[in-house]
Structure formats: structure tokens, C-alpha cells
Amino acid sequence: MATPPSELRWNDCTFCGDAVSPTAKICPTCGQAQGTPAERAALGKTRRTRRRVALLRTLRILVVVGIAGGIGYAIISAEISGPTTFPDPLTGSWTLSVQPGGWGLIAGNITGEDYIVGNFSVEAPVAADVVVLIFNSTEFAVFYLHETAQTTVPPYTNVSSSRLVFAAPYTDEFFFVFENPYPVVANITEKIFVTTTYETNVVLG
């Protein structure tokens, strides 16, 4: 009398070591032919097969442990080091050389409610005036085409030096334009020194 399938014992695949159903003809993992239950049982008892299955199981455990360890290390390293930081384009110092009737600029992305603080001054000629205009990305494109553009905040006019404070009303790329107000015939090239720092409005707990 044949043994009912429900009473047959599951075996290990003699090639990859995975569990194989007693009625399966091939291993569902590696595709190795399995033979009859009796053949599998007999082959599974050989020393060589037992060693191969044990080695495969050990290797699998090592792989799983290695992957889990790598993920854990990555998570812990990220928690310890904190978020990646990048130099902000609006933190630094610049010296702009601006031809008469021309302009120079610094620009960068600002998150809404964050702000820029700094100073600017005309180093040469001493006490020469400069006009400072601050545009968002849309209005700067208009300004660049020599059309009438709307500044984000009132411009700095008739000053040779001043403290610079700008709070971004929304997230955008902002352009700080330093304009030489003198006509071309005046032949006055301005050397303008600018220093700014990006300040975040987020309070870290």
C-alpha cells in the first residue's frame, strides 16, 4: 500500500538544501531533479550530501547576518552623523567689479521664512553709490531682458554701504543684484565687497 502524500516526509534538496515537498519532481528553488521519495531519502543520508546541505545553510545564514549588519550600520551611522550638509551658495564673501551702468549679482535658493543677513560696501571709488535690487526667479528673468521688473522688497538706493537683511516670503531662488548707477560716460567702475550668511528659521529641539 502506497504511503499517502500527506504522510510523506519533506526532504532537503540535495543540491541547494531548500525544503522540497514529498510530491515535487524538481526543487522549486534551484530546479534540480529530485527523484522518488525513496531515492531522495537514500541520497540525503550520504555524508557528502549532508556536508553540502550544512555548508549551504551556513553560507545563507552568514549572508543574511551580513546584510542585516550592513543595514544596521548604515542606519546607525546616519543617526550619528545627522543629515548631509552642503555649502550654501548664499553664505560667503564676494568682491564684485561692476562697470558703469552694469550690474553684478549673487544668487541662491532660500526656503520660505529663512533669511539672509550680511553687509555690502563700495570699496572703490570710496563713498560711491550703489543700488541693490532683490528679485525672485520670475522677476529676475524680466530684469535680465531689460524690462521693468518688480523687486521682492524695496531696493537699497543712494547708499555706499549698508547692512543687508532679507527674509524670504516663500521658497524660491532669489537674486541679489548690485547695480552701478553711474552712466557709461562717467567711466566709474565700482568694486563692491559683499558678505552674507544663510540663516534658517527652523528651531532644532
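Trainee: Leaving out residues up to four places away in sequence, which residues does Asn180 touch?

Mentor: Good place to start, and keep in mind that this is a predicted model. Asn180 touches Val98, Gln99, Pro100, Gly101 and Gly102, and also Ile188, Thr189 and Glu190.

Trainee: Where is Asn180 placed?

Mentor: Asn180 sits in the loop between β9 and β10.

Trainee: And is Asn180 buried or exposed?

Mentor: Asn180 has a relative accessible area of 2%, so this residue is buried. A polar atom of its side chain lies 3.1 Å from the backbone oxygen of Val98.

Trainee: What about Asn187, where does that one lie?

Mentor: Asn187 lies in the loop between β9 and β10, but this residue counts as exposed, at 63% relative accessibility. Its phi is near 55°, a positive value in a residue other than glycine.

Trainee: Which loop holds Glu113, and what is its phi?

Mentor: Glu113 is in the loop between β4 and β5. Its phi is positive, about 80°, although Glu113 is not a glycine. Glu113 is exposed, with a relative accessible area of 56%.

Trainee: Let's switch to strands. Which way do the side chains of β10 point?

Mentor: They alternate along β10, which covers residues 190-199. Glu190, Ile192, Val194, Thr196 and Tyr198 point to one face and are buried.

Trainee: How many bridges does β10 share with β3, and how many with β5?

Mentor: Seven with β3 (residues 92-98), in the antiparallel sense. With β5 (residues 115-124) there are nine, and that pair runs antiparallel.

Trainee: What holds paired strands together, in general?

Mentor: Strands of a sheet pair through backbone hydrogen bonds, either parallel or antiparallel.

Trainee: In what order do the strands of the open sheet come?

Mentor: The order is β4-β9-β6-β7, four strands with antiparallel pairing. The edge strands are β4 (103-110) and β7 (156-159), and each pairs on one side only. On average, neighbouring strands of this sheet are turned by 15° against each other, direction ignored.

Trainee: How many bridges join β6 to β9?

Mentor: Six, between β6 (residues 130-136) and β9 (residues 172-179). One example to look for is Ile134, whose bridge partner in β9 is Phe176.

Trainee: Which strands does α3 lie across?

Mentor: α3 lies across β4, β6 and β9, and runs at about 125° to β6. At the start of this helix (residues 137-144), a side-chain oxygen of Asn136 comes within 3.2 Å of the backbone nitrogen of Thr138. After α3 comes His146, with a positive phi near 65°.

Trainee: Changing topic to aromatic rings: how many aromatic pairs are there?

Mentor: The count is 12. One of them is Phe166 with Phe176, an edge-to-face pair at 5.6 Å centre to centre, with 85° between the planes. Phe166 is in β8 and Phe176 in β9, so their pair ties together parts 10 residues apart in sequence.

Trainee: Last one! Which residues do ring pairs link into a cluster?

Mentor: Trp103, Phe135, Phe140, Phe143, Tyr144 and Phe175.

Methods. Residues are numbered from 1 along each chain as its sequence is written. This is a predicted model: local features need pLDDT of at least 70, side-chain atom pairs count only at pLDDT 80 or more; totals for chains, interfaces and linings use all residues. Side-chain values use heavy atoms; hydrogens and water are left out. A polar contact is a pair of N or O atoms within 3.5 Å; within protein, one must be able to donate a hydrogen and the other to accept it, and residues adjacent in sequence count only if both atoms are side-chain atoms. Helices (H or I, at least four residues) and strands (E, at least two) are DSSP runs, numbered from the N terminus. Buried means under 20% relative accessible area, exposed over 50%, partly exposed in between (1.4 Å probe, protein chains only). Two strands pair if DSSP finds at least two bridges between them. Axes are lines fitted to C-alpha atoms, for helices over the stretch in contact, and angles run from 0 to 180 degrees between N-to-C directions. Contact means heavy atoms within 4.5 Å. Rings of Phe, Tyr and Trp (its six-membered ring) pair if their centres lie within 6.5 Å; planes under 30 degrees apart count as stacked, over 60 as edge-to-face and the rest as tilted.
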